[in-house]
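Here is a friendly briefing to read alongside the model. Have a look at the fold, then go through the points below.

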Amino acid sequence: MAYDLDFERPLAELDKRIQSHERRGDHAQVAELQRERARLLESIYAKLTPWQRVQVARHRDRPYTRDYIKRICDDFFEFRGDRRYGDDRAIQGGIASIDGQTIMILGHQKGRDIKEREETTFGMAHPEGYRKALRMFRHAERFHMPVVTLIDTAGAYLAREDEERGIALAIAENLEVMATLRTQILCIVIGEGGSGGALGIGVGDRVLMLEHTIYTVAAPEAAASIMWRDAAYAPDAAQAMRITAPDLLQLGLIEGIIEEPVGGAHRDHAAAAAAVKQAIGVNLAELRAIPMPTLLERRYERFRRIGQPSGQRASTPAAPATSAR
């Protein structure tokens with residue numbers, strides 16, 4: 001396996017030793033080194049810094065929306081197009097069946113290769129993507145299907161053409177509709193949840209995050225550039241912004257964390273999908289038991305509580321003493 005992350009390099013050294021002993025047929029030593037490797041992997045991922053979690057959340061091998069759909073859905077019928085302009089491949093979804101229950105599932109889709117990345121614009125959706133999502137939301141409400149959204153984007157696409165086609169209005173309309181949609185909505189952050197691009201499909205009765213994901217109003221690099229005029233302070237920004245799943249759970253901004261396989265979802269797609277499937281089943285069962293008027297009231301109150309003044313005005317922090325450069 002390729003080690004793209006700096007903090008995983010000790011694993012690469014162990015792998016070389018394992019391969020060397022395998023060539024010599026030293027099975028006892030191989031078994032011992034594999035146990036050592038498992039302990040080291042668990043140790044590394046048990047104490048990730050916020051910046052390291054950002055790197056894991058962005059890992060190119062993490063499962064994307066289509067990967068989850070393929071692994072957890074028994075049947076799937078995809079929706080295409082917004083019926084106004086075109087079909088945005090950055091958001092994909094449709095009607096699915098999971099263990100006999102019909103749901104509407106959709107999310108951001110990043111690309112695996114150059115062709116798909118161009119097609120999906122790296123998971124950053126255009127206005128037509130959010131309008132396609134809106135089409136799915138309204139269809140789900142009409143036919144009493146719960147909605148599951150999978151969030152994984154750096155943000156909405158920022159081209160001039162997107163502004164001309166009304167990207168801000170498209171996201172705002174989704175926020176308004178999702179706030180009052182008369183069906184259950186479960187939102188799950190599966191990678192990076194960035195800015196309004198994430199919020200455009202992120203208003204729900206419950207928001208969950210995978211263990212090594214982030215949810216933020218701005219990327220750490222952007223925040224560092226704004227606050228300290230230097231993107232090199234991104235690790236410090238990630239620490240200060242409290243954008244990881246444990247931080248957001250402690251702040252009461254999400255309802256739960258879905259545990260990932262040891263070493264992250266990018267190492268075991270099947271185990272990650274199984275955990276997400278279980279979380280979907282448990283949470284939708286609980287939400288279905290809540291009367292719709294109560295559900296809508298709780299959804300409203302959930303988002304009204306976010307950002308309430310604490311009585312103190314935050315000041316602009318000074319640049320960290322230790323540079324990330």
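## Briefing

The structure holds zero disulfides, a disulfide being a pair of cysteine sulfur atoms within 2.5 Å. Cys73 is in no disulfide, and its nearest cysteine sulfur, that of Cys187, is 16 Å away. This is a predicted model, where local features need pLDDT of at least 70 and side-chain atom pairs count only at pLDDT 80 or more, while totals for chains, interfaces and linings use all residues. Residues are numbered from 1 along each chain as its sequence is written, and side-chain values use heavy atoms, leaving out hydrogens and water.

**Cysteine burial**
- Cys73 counts as buried at 12% relative accessibility (buried means under 20% relative accessible area, with a 1.4 Å probe and protein chains only).
- Cys187 is buried too, with a relative accessible area of 0%.

**Fold and dimensions**
- The protein has 14 helices and eight strands (DSSP runs: H or I of at least four residues for helices, E of at least two for strands).
- Along the principal axes, the C-alpha atoms fill a box of roughly 65 × 50 × 40 Å.
- Of the contacts with a separation of 6 or more, 72% are between residues 24 or more positions apart (contact means heavy atoms within 4.5 Å).

**Surface and interior**
- Buried residues make up 50% of the 325 residues.
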